[in-house]
Amino acid sequence: LSAFRQREAVSAVGSSNMENDISLKFHQQLFLISENLVTEDVAALKFLCTDLLHLSKLEGVKSAADIFKLLMAQEYLNVEDTFLLAELLYKIKCHSLLEKLGYTKEKVQERLSEKGRISPYRQMLYELSENITSVMLKEITFLLRDHLPKRCMILSALDLLTLLEKQGLLTKDNVKILEDVCMTVSPDLLKTIDLYKKGKVLCCNIFSLSDVHTAAKLLKELGVLPSFCPTKMHKRRCGMLSSEEEGTPVDGVFYFYPRLDLNTWYLKFWFFSALNFLFFFLSGSYKMDGPHRGFCLIINNVNFNSSQRKGSCKDAEQLERVFTWLGLDVRTYTDLMSGEIINLMETWQRVPDHKDRNCFICCILSHGKSGAIYGTDERPVPIRVLTSHFTAKQCPQLAAKPKLFFIQACQGDKIQCPVYVNTDGPTPDLSSMQERVFLSESIPEEADFLLGMATVDGYVSFRHMEEGSWYIQALCSKLQLLVPRGEDILSILTQVNEDVARRDSPSGTKKQMPQPAYTLRRKFIFPIPMAPPPS
């Protein structure tokens, strides 16, 4: 037995050393890449990352290594996934550095339509800057002198474009100021802008169509619907889009109609975005393309008669930022008694504006017990009572639309925790309330509900008194990371489970496992926000 334990210890040390070696090698690769990038390259990387990282953080960047640190902090870059960095190097034409990441120019090109993160708008501006000569820059700066701050120093086209964006004169939906000056200085520059606008119009036209077959007809008329799909899955999907299969395969590659040139990255990006949008519909995704995403209620119970849920306000603030970023109309309510919680559900059940929304989300932060949460009066409210207000019968405006409930509360006995870690267990005496409620009993039997619980039934959930609860902080973090990647909500919650399960209390003896339950009939996918994540 002693020898076995020794072998186990040696194995663990070996595994740890291997991980350290991999991490060290990864950082060495980043260092070598950074050392091979000149000042102009760093400026280009900063500009291309503008939609991914906060401008205030980018302003402090002095080297490529600084950018890599910011990307790693936001989980855009890690040992397992270096594609974003490969994409950036590809865009700034540093192709020789790709091999340090295990990529080639051709490999990056192949995966751009699937994994590309830099927006068509940002790429269009960068390509435009590459074609603006120093003479053109002086002429453009002169033409825009009334729009620019006095005594501002513009050393490059990227400086000029960044300044125009800061002043709100240039946005993804309004490039008129560029068109005007390019028409005067060099009409050839307009080609780059026109290609971007064409691709955007194509995408908007398709996204605005409620009927999949009408959208498919538009794609076919534009000449971008594949006439042959090499796999059975693509054949099935395209068969639903088109009543006939035209053309023949050549080495398993799609044939496209020639009327719309897809050789430019602008139209490729918009085309694949539009086609993926259609595929989401065909594979069963909830409609999330309306002008109004939906309402998000946050109930934050902090002050109870005999305790205070310190750290809960941190959770509420983070939830508000993230769901606002995701396009929801967020309403926050603090310190509600049990009766007030039920009255609030009844009020929102009758809101007529639900009919114009795509979904409904409710987040509750409180103490709890099995199958219930507590009001600040320390009386339990069954979760089933809360969710039942939004069934198709009780709230017809939300029929067939996804209803998501996220509950940060204990679902079992209170336990003693170390300093800075509290349990969201019940404050009142539980001696008379030991009955258990299965999670499946907390959601209505009908479809389109998701209930995300911070912990499995019977157990406590943990909340840091300064940083917030494990579950809510993991949920917000994973939403910001994975929504831009197009992940559906169940995949995101799986990652949340993994994140929370890795944590333990300061003593190292207490763990937590979240648990989702759902009757969703389709994939729930948040549309990717144009703005960078809030944190």
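**Close-up views of a predicted model**

View 1. With a relative accessibility of 9%, Q318 counts as buried (under 20% relative accessible area, with exposed over 50% and partly exposed in between; 1.4 Å probe, protein chains only). This is a predicted model, with residues numbered from 1 along each chain as its sequence is written, local features needing pLDDT of at least 70 and side-chain atom pairs counting only at pLDDT 80 or more, while totals for chains, interfaces and linings use all residues. Side-chain values use heavy atoms, leaving out hydrogens and water. Q318 sits in helix α15 (residues 312-325); helices (H or I, at least four residues) and strands (E, at least two) are DSSP runs, numbered from the N terminus. Setting aside neighbours within four places in sequence, Q318 is in contact with Q473, C476, Q480 and S535 (heavy atoms within 4.5 Å).

**View 2. D51 and R122 joined by a salt bridge.** Here the closest N and O atoms of D51 and R122 are 3.0 Å apart; a salt bridge puts a side-chain nitrogen of Lys or Arg within 4 Å of a carboxyl oxygen of Asp or Glu. D51 lies in the loop between α2 (39-48) and α3 (55-58) and R122 in helix α7 (residues 120-130), so the pair ties together parts 71 residues apart in sequence. R122 is buried at 1% relative accessibility, whereas D51 is partly exposed at 22%. Look for E165 too: D51, R122 and E165 are linked in a network of salt bridges.

**View 3. K197 and E179 across two helices.** Their side chains meet in a salt bridge (2.9 Å, N to O). K197 belongs to helix α11 (residues 190-207) and E179 to helix α10 (residues 176-185), 18 residues apart.
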